[in-house]
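Colleague: Please take a close look at one part of this model, the packing of its aromatic side chains. I would like a single connected account with every cut-off stated.

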Amino acid sequence: MWLKAEQWILPLSFPFNWNLKLKFNVLPGRPTPAFAKEGRWFRAFRIGGSLIPVMVSFQGTVEKPKLLVSTTPAGLKHKQKLLDLVFRLHGIAYPRELYRFMEGDRVLRKVKRSLHGFGRAGLMAANLYEGVVKAIIQQQISLRVAEHLTANLVERFGQHTSFLGEKVYDFPRAEVLAEAEVEELRGCGLSRRKAEYIKGFSKEVSLGNFNPEELHELSQEEIVSCLTAFKGLGRWSAELVMAASMGLNVIPADDLGVRKAISHYYFNGKLQSGEAIRNFAREKFGRFMLDVTVYLLMAYRSGINV
């Protein structure tokens, strides 16, 4: 049975390209746990012990955009929480200072104009437990393969509800993945080691030995030290969590995609080491490093020339 929908219409006061967001952030048709279908974005969130589904769609133009956010009557009392999650996951904001900075660089000026309305970098996870598990899955494989493995995990272990004719999922809870057998996790396409790492990390979280949300209170180096103490988590994973799940001004510089994108636009395609990319990005992009890197990744994947 479909749940009744309530809707908020949110005019935005800045250019916003919804199609670019969906292209960069979402695996079409399969839940990671978010998924896109016919221009609509779906995801469920666990709030106050309840599973609250959300659907986001778009009206208007890039220059005069409106977001339509639909949820259930039960979601109405969580309006601010739901909107905060939607805006953070999609990077919905008007970054005047970022745009001003990009206009001052020949490469970034062209990239910005080619990706008009993309806005700020979004997040890949609604919470840090989800972010760490996704970082483990993404190790040493392409993003698209990782997304399909994540979808396998979500479909098998995540809770779902029916909303607007769709099966809408939240990410699996730590307690569920902690109790899963390694072979069950491997059945989602994970290697034995990744299955063991996810199960081990989930067990620590489920037992209350570690609360990932406390990472917000630590410095960047403390976060790296904390996460790398877990089996299967190295510096690359810690930097990915900080960038893609916390929105900190950090990049996973050892990531091959990041290295290729920055090397393509600033080193004539000559692939640079992770350390060289890290140092270059810090000096060249400063406090805009994360957002600029996301733009360069998007541009590189889209074949944008400058």
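Modeller: Phe285 is buried, with a relative accessible area of 2%; buried denotes under 20%, exposed over 50% and partly exposed in between, with a 1.4 Å probe and protein chains only. The model is predicted, so local features need pLDDT of at least 70 and side-chain atom pairs count only at pLDDT 80 or more, while totals for chains, interfaces and linings use all residues. Residues are numbered from 1 along each chain as its sequence is written, and side-chain values use heavy atoms, without hydrogens and water.

Rings of Phe, Tyr and Trp (its six-membered ring) pair if their centres lie within 6.5 Å; planes under 30 degrees apart are stacked, over 60 edge-to-face and the rest tilted. The count by this rule is 16 aromatic pairs. One of them is edge-to-face, joining Phe118 and Tyr295 at 5.3 Å centre to centre with 80° between the planes. These partners are 177 residues apart, Phe118 in the loop between helix H4 (106-114) and H5 and Tyr295 in helix H14; helices are DSSP runs of H or I with at least four residues, numbered from the N terminus. Both Phe118 and Tyr295 are buried.

Tyr266 and Phe285 also pair edge-to-face, at 5.7 Å and 65°. Because Tyr266 belongs to helix H12 (residues 256-266) and Phe285 to helix H13, this pair ties together parts 19 residues apart in sequence. Tyr266 is buried as well, at 19% relative accessible area.

Elsewhere, ring pairs join Tyr129, Phe171, Phe201, Phe210 and Phe230 into a cluster.

Conventions. Helices (H or I, at least four residues) and strands (E, at least two) are DSSP runs, numbered from the N terminus.
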